[in-house]
Amino acid sequence: MENKRKKIALLIIISVICFMIVSLAISEAFKASDNMTNQHKSNYPQVYKTAVAKQQPVFVFFYADWCSHCVNFMPKLKELEKKYQGKYNFVTVNVDKNENIQLAKDFYVAVLPTVFVVDPTSNKRFKIDSYTLHDDIALDRELCKHIKSN
């Protein structure tokens with residue numbers, strides 16, 4: 001009986017230590033992601049107004065700093081911004097920021113990352129699935145569909 005109590009006490013101590021380590025790791029991840037958050041603040045309303053005036057589609061990227069898939073997609077996002085400069089308006093929306101919570105709800109964001117292409121002339125939203133996001137050819141094909149020919 002005494003041996004059983006010692007094992008339980010040891011398990012509790014190990015569990016508490018593991019919890020503390022995970023908590024510390026998460027807090028460090030949030031600190032490290034501050035640079036990314038500062039670089040990508042949502043300006044959806046302004047960009048949408050510009051897109052309507054230019055009749056260009058809007059690429060809306062919903063993310064969170066703690067989301068590893070979102071962080072891994074950021075370099076691809078930079079490539080897309082360069083490739084489609086003048087053809088698309090790009091917006092990044094951090095769903096953890098209070099000012100972006102309603103926008104994420106309006107787009108029914110349930111998983112991260114989530115990407116929409118918004119056609120400002122019709123105000124239609126087209127969700128790009130995660131398989132397409134990771135397939136360069138499929139993503140290029142999808143984005144080209146929404147570019148208006150002049």
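**View 1. Surface of the protein chain in a predicted model.** The protein chain exposes about 10,100 Å². Carbon and sulfur atoms supply 57% of that area. Of the 150 residues in the chain, 36% are buried.

**View 2. The helices and strands of the chain.** Seven helices and four strands make up the count for the protein chain. Along the sequence they follow the pattern α-α-α-β-α-β-α-β-β-α-α. Contacts between residues at least 6 apart in sequence were also sorted by separation. Among these, 68% join residues at least 24 apart.

**View 3. The buried side of helix H7.** Helix H7 spans residues 136-145. Its buried residues are Ala-138, Leu-139, Glu-142 and Leu-143. These residues lie on the same side of H7, because they cover an arc of only 130 degrees around the axis. An α-helix has 3.6 residues a turn, so residues three or four places apart point the same way.

**View 4. What covers H7.** Several elements cover the buried residues of H7. Strands among them are E1 (58-63), E3 (114-119) and E4 (124-128). The cover also includes helix H4 (68-83) and helix H6 (130-133).

**View 5. The exposed face of H7.** One face of H7 is turned away from its buried side. This face carries the exposed residues Ile-137, Arg-141 and Lys-145.

**View 6. The N-terminal end of H7.** Asp-135 caps this end of the helix. A side-chain oxygen of Asp-135 lies 3.2 Å from the backbone nitrogen of Ile-137. Ile-137 also belongs to the exposed residues on the face turned away from the buried side of H7.

Technical notes: Residues numbered from 1 in each chain as written. Predicted model: local features only at pLDDT ≥ 70, side-chain atom pairs only at ≥ 80, totals over all residues. Heavy atoms only, no water. Buried < 20%, exposed > 50% of the residue type's maximum accessible area, 1.4 Å probe, protein only. Helix = DSSP H or I, 4+ residues; strand = E, 2+ residues; numbered from the N terminus. Arc of directions from axis to C-beta. Contact = heavy atoms within 4.5 Å. Polar contact = N/O pair within 3.5 Å; in protein donor to acceptor, adjacent residues only side chain to side chain. Areas by Shrake-Rupley, 256 points an atom, 1.4 Å probe, with all protein chains shown as cover.
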